[in-house]
Amino acid sequence: MSKNVYLPYHATSEKAHIKSMEQYREMHNKSLESTEQFWSEIAAQFHWETPYDINNFYSYNFNVTQGPVQIKWMEGATTNVCYNLLDKNVRNGMGDKVAFYWEGNDPEDYSKITYKKLLEEVCRFSNVLKSKGVVKGDRVAIYMPMVFEIVIAMLSCARIGAVHSIVFAGFSSDSLAERMADCKCKVLVTADSVYRGDKLLNIKSLCDIAMDKAKSFGHEVSTCIVVRHLPRLHRSINTSNGTNGSNSDIIDLHSDVPWTDGRDYWWHDEMDDVEPSCYPVWVSAEDPLFMLYTSGSTGKPKGVLHTTGGYLLYAATTFKYVFDYHPGDIYWCTADIGWITGHSYVVYGPLANGATSVIFEGTPFYPDNGRYWSIIEKYKVTQFYTAPTAIRALMKFGEEPVKKHNLDSLKVLGSVGEPINPEAWLWYYQNIGKERCSIADTFWQTETGGHVITPLPGCTPMKPGSASFPFFGVKPILLDESGKEIEGVGEGYLVFNKPWPGMMRTLFGNHERFQSVYFSKFPGYYCTGDGARRDEDGYFWVTGRVDDMLNVSGHLMSTAEVESVLTEHPDVSEAAVVSRPHPVKGECLYCFVTPNHGVAFTPKLSSELVKKVRESIGPFAMPDVIQHAPGLPKTRSGKIMRRVLRKVAVNDREVGDISTLADEHIVEELFKNRPEKA
Ligand code: WTA
């Protein structure tokens, strides 16, 4: 074993579920060799209305040349995810246990909800959805801040067999419109507005623009349900149980909320009129649970579809082992529920384990840069799960804000979204974990549904920057360019040749694209789009995307989607976008823009383009640099040589062989044109 290996939690905790690498290997082997047995033992912990057939537990085809790609787990069995998350826990005596603590943007604003209360609210909202005509299989779009109602809306969909399609509320109205039109949602659930830091965002107004725009794409949203969130920020705090508070102290601040009678309804009005119970709809294990859009390299987002039974097993099992969850723990994942991390590890995984979690509405910097640490102290958080970009941003403020808080409750620290650089890893390990905690650097994707490569606390010796070993049921493979499997030490395309229960089943409404994006490059393998290296100890190191995707602060986006926004500007003829390393965001957008003939490249044009990307995609996609490109470096066949642009972006003149370019001089021009500040 090489140097710089850490094993702190193991040394301190005898209670860990997996206590040694031998135990891990044994279980991992069982999960691959006796797959049915391994997962059916876990499935037995959940309620199945119609039992699964152990002799027909799962089936799959990954080879496009032998027929359509398909993945099925426990087909024929029926269950209900909401029932397993709420009713089952309440029946097991956990009704009064806190499911979620809610910490608002403002530290004075907090609340909590028990399992029993959550179930009641979910039943009510299920009845509301039914009253709006939502039936099994219908899509419900959700565009909401981090409030209890987003969880209630999701689980209500699950309860009646509807498919939720959450759009992160940091996306623009254009992005929301495109996604609503693609999934043809019947209902949109949203909130009036939200504070992020000290900025007020009028979410409902964005929804109105998006619903209009969706109409122009040929889809009309028939119902919009709006949570009245803003007044709660102006009322006396209600910490008793509830999500709604009492109406008497709510000030009416809603004269400004745009409204369309007959389409728009207040959440609280609708909830007043319905029964607090609702029988769950039993659905097939392979019926869809939710869809979630992720960026595609062609620019059009892909509606990743997850189904019921397999996703439930996988979210539950990864949560239990990867965070080494034990009853009594207080778990906190900072991810927004609008991303897959929030789906699997704020909502489904924790509730499936009957856990108590924190939901945080705000940002790490408000009211000060110690907010995360103060929340950990306030709730005595045992497992904390965040992103490298947040760690890097907080590192900048040094140790002072951390030292003001007692972080002794922490046991496990998680990381997700992008490779974590060893410097950030060590800072996290030393200053937050005080060299006592395990770090779980979890590699996974929207498509994988849950963690696929990750250390296990109490078991895996950690190497800073390595996601280490596969989770149960997962066997990573590295392929070379010709599709040959690389044995032992080496680097290549990260792929898988067999499914685990939680992986996606298709892209909504486009199975063809599903097959061509993920299964066509190497027939027989699911292609992650990431590269990885296996070291001499068998550890996996994910090296980053091998396609035209960018990862800015853990948000995946494609160069194509940003380029298409830039070229929509009437003064722009061509654009090419590359990623450039960034000390906090991991990567940032560096854009090369060629204006139309006769049009000058001005600071005004540049700022219009930045604004346009921000408005069309979302604030997280804002370019760091827009550079004037009199021309782009293209091969004779017209393909843009992006590796040259990446060199220009970092001002590295070692551009390599450029003899295949149609015009080599353009490279020198681009170096000359680098903006001074870039
Ligand atoms: C990247 C987020 C290295 C990777 C859960 C992947 C990571 C993409 C890690 C998926 C990690 C995520 N180490 N890279 N621990 N976690 N990635 O769909 O490129 O938003 O393909 O899912 O993020 O991003 P997505």
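**Figure 1. Salt-bridge network of K204, D208, R263 and D264.** In this predicted model, salt bridges link K204, D208, R263 and D264 in a network; a salt bridge is a side-chain nitrogen of Lys or Arg within 4 Å of a carboxyl oxygen of Asp or Glu. Helices (H or I, at least four residues) and strands (E, at least two) are DSSP runs, numbered from the N terminus. K204 is buried, at 0% relative accessibility, and D264 is buried as well, at 4%. Buried means under 20% relative accessible area, exposed over 50%, and partly exposed in between (1.4 Å probe, protein chains only). Residues are numbered from 1 along each chain as its sequence is written. Because the model is predicted, local features need pLDDT of at least 70 and side-chain atom pairs count only at pLDDT 80 or more, while totals for chains, interfaces and linings use all residues; side-chain values use heavy atoms, with hydrogens and water left out.

Figure 2. Side chains of opposite charge can pair when their charged atoms come close. E120 and R124 form such a salt bridge, with the closest N and O atoms 3.3 Å apart. Both residues belong to helix α5 (residues 115-131), where they are 4 residues apart, about one turn of the helix. E120 is partly exposed, with a relative accessibility of 28%, whereas R124 is buried, with a relative accessible area of 19%. The structure as a whole holds 36 salt bridges.

Figure 3. The shell around the ligand has 17 residues, of which D441, T442, T446, D530 and R545 come nearest; a residue is near a molecule if one of its heavy atoms lies within 4 Å of it. By class, the shell has 7 nonpolar, 6 polar and 4 charged residues. Here Ala, Val, Leu, Ile, Met, Phe, Trp, Tyr, Cys and Pro count as nonpolar, Asp, Glu, Lys and Arg as charged, and the others, Gly among them, as polar. In the side chain of D530, an N or O atom is 2.4 Å from an oxygen atom of the ligand. A backbone N or O atom of G417 is 3.1 Å from a nitrogen atom of the ligand. An oxygen atom of the ligand also lies 2.8 Å from a polar side-chain atom of R545. The ligand taken alone exposes 520 Å², and the protein buries 95% of that; accessible areas come from the Shrake-Rupley method with a 1.4 Å probe, and for residues only the protein chains shown count as cover. The elements α11 (340-352), β20 (438-442) and β25 (540-545) each give two or more residues to the shell around the ligand.

**Figure 4. R545 and its salt bridge with D547.** R545, among the residues that come nearest to the ligand, also forms a salt bridge with D547, the closest N and O atoms being 2.6 Å apart. R545 is partly exposed, at 23% relative accessibility. D547 is likewise partly exposed, with a relative accessible area of 29%.

**Figure 5. H306 and the backbone of T446.** H306 is located in strand β15 (residues 302-307) and is buried, with a relative accessible area of 0%. A polar atom of the H306 side chain lies 2.8 Å from the backbone oxygen of T446. A polar contact is a pair of N or O atoms within 3.5 Å; within protein, one must be able to donate a hydrogen and the other to accept it, and residues adjacent in sequence count only if both atoms are side-chain atoms. T446 is also one of the residues that come nearest to the ligand.

**Figure 6. Helix α11 and the residue G354.** All 13 of the 13 residues of α11 are buried, so the helix is largely enclosed by the rest of the structure. Just after α11, G354 takes a positive phi of about 65 degrees.

**Figure 7. Aromatic pairs.** A search of the whole structure finds 60 aromatic pairs. The ring centres of W332 and Y372 are 5.2 Å apart and the planes lie at 80 degrees, so this pair is edge-to-face. Rings of Phe, Tyr and Trp (its six-membered ring) pair if their centres lie within 6.5 Å; planes under 30 degrees apart count as stacked, over 60 as edge-to-face and the rest as tilted. W332 in strand β16 (residues 330-333) and Y372 in helix α12 (residues 371-379) are 40 residues apart, so the pair links distant parts of the chain. W332 is buried at 0% relative accessibility, and Y372 is buried at 7%. F519 and Y526 form a tilted pair, 5.8 Å centre to centre with 55 degrees between the planes. Both F519 and Y526 are buried.
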